[in-house]
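I opened my notebook to look through this model step by step. Here is what I looked up, in the order I went.

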Amino acid sequence: MRFYEYESRQIVQCAGIPVSPHGFARTASEARRAAEEIGGPVVIKSQVLTGGRMKAGGVRFADTPDAAEREAAQVLELEINGHMPRGVLVDSRAAVKQEYYAGVTWDGTRKRPVIIFSDEGGIDIEEVEHVGRRHLSNLAPPSEYEAKEAIASVGVTGRALTRLVPIVTRLARLFSDYDMTLAEINPLAELEDGSFVALDAHMDMENEARPRQKALLDALGVGDEETRQAREATEFELAGEAVDAQDHRGVAGNVTEFDGDLGLVIGAGGGSLTLFDAVRAHGGRPANYCEIGGNPSVAKACGLAKLVLSKPGVDKIAVMMSIVSNTRVDIVARGVVKACLELGHDPAEKIAIFRIPGAWEEEGFKILERYGVPYADRSVSLNEAARRAASAV
Amino acid sequence: MSILVDADTTFIVQGITGREAVNLTRECLDYGAGARIVGGVTPGRLGRDVHGVPVFDTVQQAVEHHGAPIDGSVVTVPPAFTRDAVLEAIANGVKLVVIVTERIPRRDVAVMVEFASAHGARIIGPNCLGIIVPDVVKMGGIGGPARDAAKAYTPGPVGVISRSGGMTTEMSSTLSAAGLGQSTAVSIGGDAIIGTTYAELMPLFEADEQTEAIVIYTEPGGRMEAKLSAWVTDNASRLPIVAFMAGRFMDEMPGMSFGHAGTIVEGKEDTATEKITRLQAAGITVAERIEDIPDLVKQGIAARKGATV
């Protein structure tokens, strides 16, 4: 999950890294007050969870509180990549001598965190050639010498080096302490007076760590309902989460909305990916992505099928999984048939195909036969099942 | 032969009294020659038994009871307790840990993996179904109940490596139906950081005389396919590889994760399109459909045999 810049700055500041004087404002008049408090020229920055703010006009300059209020009013109305800003950050305009880049992220190949440092800050790190990298051990907390090696490797020495070491070490520690997948300060600025401040910060935290990072999330006021996905959750998707949350048995959810007419009740993880591709390859237009697995209850399978069947524009559903080991075929069969009946539909009409082979399949197929639902066993491939589903609507 | 496990492998199940773990224990005991599960561990449950397997409070007690080092452990404890359970197993001499648990933060996985490598141990998973040697032994929930596993898996020349547990069985079943059995099938897990990747399993399959070809299931996200491509090229592998790439639709949706935690596309190299290009550049055949895999494997094996004659 991604943090807003104003939250990222709070995280950085709490870790003992100096930031430039700034304020967060939800309205233009709040922005004016923030500008008055800071005094002097300010930068107004849109608070959105997407990149490309500068290009989109989401970063403006203002010399006076009046101008700050005016610019903020415009930025607050500006949608960027489909995201409306949550507010604006009013930042002081510091006299910068030199900009650096400091980041910590995972190197999945080496299975270790890596410090990335450059003396060319302010631009996309992917475009920078002069970069120092230092991998960290997972078995000990980040140590100052590791940060020092990253910084010194790009030729930084003297007072700049000794001042940068504690900042980059703290960044590496917060990366680890808060289960970040990216902790980035860009630019990290050296001011004319020789001091260092973070002028921007970008933090991404691992979703899986949300339960144990509750203290941080509470401090920032981030509630459980904020998914912070790349695309904001739709009502349909939130309803899918509610279905999955009704009990702890297995998974029947992870719904993503698409605008097609074929409802999908598919699983498990890899099977869902394979089936979604296959439906599209055969010209099918999925109304949704979802996942079932881990032996969900009848109620959950039924809830998911009902949700998908009730989506406007959905004509039929296809119920398909890769061969199941622990999910029971009969339970899913019972769930989806029940969903049709409860909504007043004929299961034989509404279920384009049921292709789930594996545990308890004989029992499952019996249920489907009773209701005349077209089904297939493992001799019918995922691809062929997807073809039948796509041609049924 | 097989890789990682055989009929003599001893292992424990950590978290053995959980609902899924009880099923998993039954399945492993019933499959093939019957797994040598020498104990289970659930703190506070010393003295109980699960399908005849004695339960202990600590791994240390299990090792003492067994009277010899224990080869492996299947870890099925909740995510918040997994790191500790894995460190406990490794500290007590276990060399092969299969982590079934999903939703473990990356930092914990990285700690476990580094600790394992410092102790000469190997981790499979997390978020995986384990390892199966057809008709011989299974370690983990892979293939499900013994009767179901026997329907999908048959002994033969193909090594299977998959980021999806379910697709390990789907692909193996397709191979079996076409008369191609498996030497060993490994569900390596769907997370961003996993204990053992394709490239890290390749030397084992390379050294296994039974294995004549490799089939992999892969997804967008991460760089482990690039690593496999590099390994194949650098080591002039004797094994033809057929890959299946799922999740091609995700290329249009950067930053979103589907199916497994590890599937998020964070950069151009993570996309399905880019991965397919890299795999093909290393001479790996990419199948368009699962049902095409058996013929591609047969062609690959025939081509290698032709080349060595």
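Entry 1, domains. I began with chain A, which is divided into domain 1 (21-92), domain 2 (96-220) and domain 3 (235-392); these bounds come from an automatic or database domain assignment. I then looked up the centres of domain 2 and domain 3 of chain A, taken over C-alpha atoms, and found 45 Å between them.

A note on ground rules. This is a predicted model, where local features need pLDDT of at least 70 and side-chain atom pairs count only at pLDDT 80 or more, while totals for chains, interfaces and linings use all residues. Residues are numbered from 1 along each chain as its sequence is written, chains are lettered from A and ligands numbered from 1 in the order in which they are written, and side-chain values use heavy atoms, with hydrogens and water left out.

I found 10 helices and 14 strands in chain B; helices (H or I, at least four residues) and strands (E, at least two) are DSSP runs, numbered from the N terminus. The radius of gyration of chain B is 19 Å, close to the 19 Å of the globule rule for 309 residues, so chain B is as compact as a globular protein of that length. That radius is taken over C-alpha atoms, and the globule rule is 2.2 Å times the number of residues to the power 0.38. Along its principal axes, the C-alpha trace of chain B spans about 55 × 40 × 30 Å.

The area buried between the two chains is about 4,100 Å², and carbon and sulfur atoms give 53% of it. Buried area is the accessible area (1.4 Å probe) that two parts lose on being put together, summed over both. In chain A, Lys111(A), Glu208(A) and Leu273(A) lose the most area to chain B, together 17% of what that side buries.

I counted nine salt bridges between chain A and chain B, each a side-chain nitrogen of Lys or Arg within 4 Å of a carboxyl oxygen of Asp or Glu. Arg112(A) and Glu114(B) meet in a salt bridge at 3.4 Å, N to O. Side chains of opposite charge can pair when their charged atoms come close.

I found that the whole structure has 51 salt bridges over all chains. Arg334(A) and Asp330(A) meet in a salt bridge at 3.8 Å, N to O. Both lie in helix H11 (residues 329-342) of chain A, four residues apart, about one turn of the helix.

Most residues other than glycine have a negative phi, and most peptide bonds are trans. Yet I found a cis peptide bond joining Gly267(A) and Ala268(A), with omega about -10°; Ala268(A) is in the loop between strand E12 (262-267) and H9 of chain A. Another cis peptide bond joins Gly125(B) and Pro126(B), with omega about 5°. Pro126(B) lies in the loop between strand E7 (122-124) and strand E8 (130-133) of chain B.
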